[in-house]
Amino acid sequence: MIVDAHLHVVSPNLPGAGPLSPLLNEPPEKLAPLLRAQMAAAQVDHAFAMGRLGCGDSDPLGIDGTLRVAEHVPGLHAIGIADPRRTEPEFLAVADRQMASGRVKALKAYLGYLHYGPDHPGYVPYYQMAERHRTPFIFHTGDTYSPSAKLRFAHPLLVDDVAVDFPNVRFVLAHLGYPWTDDAAEVIYKNINVWADLSGLVIGGEEAFGAEERLDALSDLRDRVRRAFRYAERPNRFLYGSDWPLAPMPSYAEFASTLVPQVHQEALFRENANLLFRLS
């Protein structure tokens, strides 16, 4: 079975970005059967879904929508969103209670979409929260889905600073910082507390993984990820993620299996996530 460390069941509400998929506008009772079918087809038994930015004072980490879907999907877990613009003590206190409930399995920062780097003081209370509750902290790194995002804030090298300053927090570079995969690999190589997921590297339907006109691009992508994987020298720090519904789970899992050597695939697809998220 597979652990999918990165997908979506609610619209993330990112500045300048349109809806990721019409599926995310469906009510939980309609979305859930589609998700269960995808998980079964890809042999996924645990999945971690990103929350929604800007849900207000009663849901500071934006997890309520994910939890409503999770009621219908066994093995679905919520990841909360860290908003560096909201650091009022009352707001953070409610967020801390959400964390203490055990229903939030990680926090995420949308670098680039929000024009703040990981070293912005507004993120510090959330790093402290992640450390206190022993949960991972995920960064969006690399390319963005919004023309109004600022890419310099999403460069994976910026995570090196906070990895050093917060050595007890486990940080994750979502999307391996693509297209800066070599830089992401260096951050992983240098810092024992930095991980990466391989989500969102290919977007589209099943045809995106086999169309003749995309074969060269897919080959180049494989070469870049394989090089980064070798350079990092930490096969226990890479995670599988599909970024569903931006790509079908079975097709993406098959593609991801070509990115790392066979000997490390059990680690990529399950063992590393078990360790990071303390599933067992």
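Please bear in mind throughout that the model is predicted.

I begin with helices α6 and α7. Helix α6 spans residues 181–190 and helix α7 spans residues 215–232; their axes come within 8 Å and cross at roughly 20°. Angles under 35 degrees count as roughly parallel, and α6 and α7 are therefore roughly parallel to each other. The crossing in which α6 passes α7 is right-handed. Which residues of α6 and α7 meet? From α6 come Thr-181, Asp-182, Ala-185, Glu-186, Ile-188 and Tyr-189, and they meet Arg-224, Arg-227, Ala-228, Tyr-231 and Ala-232 of α7. Sorted by class, the residues of this contact between α6 and α7 are six nonpolar, four charged and one polar.

The second pair is α3 with α4. Here the axes of α3, residues 89–100, and α4, residues 124–133, come within 11 Å and cross at roughly 25°. That angle makes α3 roughly parallel to α4. Their crossing is right-handed. On the α3 side, the contact is formed by Phe-91, Leu-92, Ala-95, Asp-96, Met-99 and Ala-100; on the α4 side, by Pro-125, Tyr-126, Met-129, Arg-132 and His-133. The contact of α3 with α4 comprises eight nonpolar residues, two charged residues and one polar residue.

Let me stay with α4 for a moment. Its buried residues are Pro-125, Tyr-126, Tyr-127, Met-129 and Ala-130. What covers the buried residues of α4? The cover includes the helices α3 and α5 (159–165), together with the strands β4 (104–109), β5 (137–140) and β6 (171–174). After α4 comes Arg-134, and the phi of Arg-134 is positive, near 55°.

I turn now to the interior. In soluble globular proteins, nonpolar side chains tend to be buried together. In this model, the largest nonpolar core has 96 residues, and Phe-137 and Phe-171 are those with the most contacts inside it. Helix α7 supplies the largest share of this core, six residues. As for Phe-137, if residues up to four places away in sequence are not counted, Phe-137 touches Ala-82, Leu-107, Lys-108, Ala-109, Tyr-123, Tyr-126, Tyr-127, Ala-130, Val-169, Arg-170, Phe-171 and Val-172.

Helix α8, residues 249–256, is mostly covered, with six of its eight residues buried. The buried residues of α8 are Met-249, Ser-251, Tyr-252, Ala-253, Phe-255 and Ala-256. Their cover includes the strands β1 (2–8) and β2 (44–50), as well as the helices α1 (28–42), α7 and α9 (265–277).

Finally, two individual residues. Ser-11 lies in the loop between β1 and α1. Is Ser-11 buried or exposed? Its relative accessibility is 17%, so Ser-11 counts as buried. Setting aside neighbours within four places in sequence, Ser-11 is in contact with Leu-24 and Arg-52.

Pro-33, by contrast, belongs to helix α1. Because its relative accessibility is 35%, Pro-33 counts as partly exposed. Between Pro-33 and Tyr-231 there are 198 residues of separation in sequence and 40 Å in space, C-alpha to C-alpha. Tyr-231 is one of the α7 residues in the contact with α6, the pair with which this presentation began.

Technical notes
Residues numbered from 1 in each chain as written. Predicted model: local features only at pLDDT ≥ 70, side-chain atom pairs only at ≥ 80, totals over all residues. Heavy atoms only, no water. Axes fitted to C-alpha atoms, helices over the stretch in contact; angles between N-to-C directions. Helix = DSSP H or I, 4+ residues; strand = E, 2+ residues; numbered from the N terminus. Parallel < 35°, antiparallel > 145°, perpendicular 65-115°, else oblique. Left-handed = near helix turned anticlockwise from the far one by under 90°. Contact = heavy atoms within 4.5 Å. Nonpolar A, V, L, I, M, F, W, Y, C, P; charged D, E, K, R; others polar. Core = buried A, V, L, I, M, F, W, Y, C linked by side-chain atoms within 4.5 Å. Buried < 20%, exposed > 50% of the residue type's maximum accessible area, 1.4 Å probe, protein only.
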